[in-house]
Amino acid sequence: VLSYNSRYIFVAGARGLGKTYGAVELACEGWFKKQREQFFYLRRYKDESTGATPQFFDANARNYPFADFRTRGRVAEVASAETRGMERREWSTMGYFGALSLAQQYKSIPYPEVSRIIYDEVILERGNSQYLRDEVTVFNNFFNTVARKRDNVKAFLLANAVEMTNPWFNEWGIRPDEGREFTTRY
């Protein structure tokens, strides 16, 4: 999906195929293999975001034995494994966690090092919660807050393929073709 060089990359598929794992892996690669690029992990509501953060790196951490990860509130941090056991460790901010429902609170905060926005569970399953009012517009505004006219920011919108009728597909006229692996919209 990265070869399309799109600002918004929508990844929808069956449950358990590694959509979130892959996005977190890209976030880790952005930090370790590039220029300390940060990420912003977004869920719809605060309770969803808070519940996802403690184990955020668990599945991916084994790929980075030279690093230790932790989450503190809204911040994801990383430190060198060589400093384990030291009384004072230097932890660096690798990313942030937040809720789209609170996007208005983030608008005056600069995120100059964030190059990836991961919006997880963007499509709701029937009967679970509800979409935000004008959700796509709220997300677009949040994206612009983070990107601030930079062209290196990409948004990964992750979803289980559970519901074809949703504000995201409606907004962009997405009608997935079951015979094709990718559907593109410009």
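**Notebook: salt bridges**

I began with R15, which counts as exposed at 55% relative accessibility. My cut-offs: buried is under 20% relative accessible area, exposed is over 50%, and partly exposed lies in between (1.4 Å probe, protein chains only).

I noted the ground rules. The model is predicted, so local features need pLDDT of at least 70 and side-chain atom pairs count only at pLDDT 80 or more, while totals for chains, interfaces and linings use all residues. Residues are numbered from 1 along each chain as its sequence is written, and side-chain values use heavy atoms, with hydrogens and water left out.

I searched the whole structure for salt bridges (a side-chain nitrogen of Lys or Arg within 4 Å of a carboxyl oxygen of Asp or Glu). The search finds seven.

I looked up the partner of R15. R15 pairs with E125, with the closest N and O atoms 2.8 Å apart. R15 sits in the loop between β1 (8–13) and α1 (19–32), and E125 in the loop between β6 (114–119) and α4 (135–147), so the pair ties together parts 110 residues apart in sequence. Helices (H or I, at least four residues) and strands (E, at least two) are DSSP runs, numbered from the N terminus. E125 is partly exposed at 30%.

I turned to R84. R84 bridges to D68, closest N and O atoms 2.7 Å apart. R84 is in the loop between β4 (75–80) and β5 (92–99) and D68 in strand β3 (residues 67–72), so this pair joins parts 16 residues apart in sequence. D68 is buried at 13%. I also found D68, R84 and R89 linked in a salt-bridge network.

Last, I checked R70. R70 bridges to E77 at 2.6 Å between the closest N and O atoms. R70 is partly exposed at 30%; E77 is buried at 6%.
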